[in-house]
Amino acid sequence: MNDIDGEVDKLWARINLMQARTEALETALQATLPLVQDVSAFSAALRKLLNERMANLLCRGVDEKFTTEYAATLRSLLPPHVVDIVKTS
């Protein structure tokens with residue numbers, strides 16, 4: 001039983017770490033976005049970064065469910081007008 005409890009504790013620790021990272025990213029994004037969102041190269045750079053990241057994930061063999069969750073999480077972090085920039089770039 002201790003092995004199971006230890007594994008559960010490890011999973012919770014990982015979940016908490018992932019949540020902390022997401023919140024830190026969101027904080028940084030919210031702080032910097034007003035400074036860069038109107039820069040003309042921003043949308044192109046963001047689209048390139050996302051394409052490279054998705055290509056990397058697909059090369060690592062992630063499945064469609066993971067990529068869908070990744071995209072949904074990204075959309076939840078970005079303000080709607082930035083999501084629109086990314087979609088239309």
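Some ground rules. Residues are numbered from 1 along each chain as its sequence is written, and side-chain values use heavy atoms, without hydrogens or water. Since I am showing a prediction, local features need pLDDT of at least 70 and side-chain atom pairs count only at pLDDT 80 or more, while totals for chains, interfaces and linings use all residues.

I will start with the pocket. The largest pocket holds about 710 Å³ of space. A pocket here is an open set of points on a 1 Å grid over the protein atoms alone, where a 1.4 Å probe fits, with protein on both sides within 12 Å along at least five of seven lines. Its lining, meaning residues with an atom within 4 Å of a point, has 21 residues, and T22, L25, Y70, T73 and L77 lie nearest the centre. Helix 1, helix 2 (42-59) and helix 3 (64-77) each supply at least two of the lining residues; helices are DSSP runs of H or I, at least four residues long. Helix 1 gives the largest share, eight residues. By type, the lining has 14 nonpolar, three polar and four charged residues.

Next, the two residues. W12, in helix 1 (residues 2-36), is exposed because its relative accessible area is 53%, and exposed means over 50% with a 1.4 Å probe, protein chains only. From A45 to Q19 is 26 residues in sequence and 26 Å in space, C-alpha to C-alpha.

Definitions and conventions:
Buried < 20%, exposed > 50% of the residue type's maximum accessible area, 1.4 Å probe, protein only. Points joined across faces, edges and corners; volume = space filled by probe spheres on them. Nonpolar A, V, L, I, M, F, W, Y, C, P; charged D, E, K, R; others polar.
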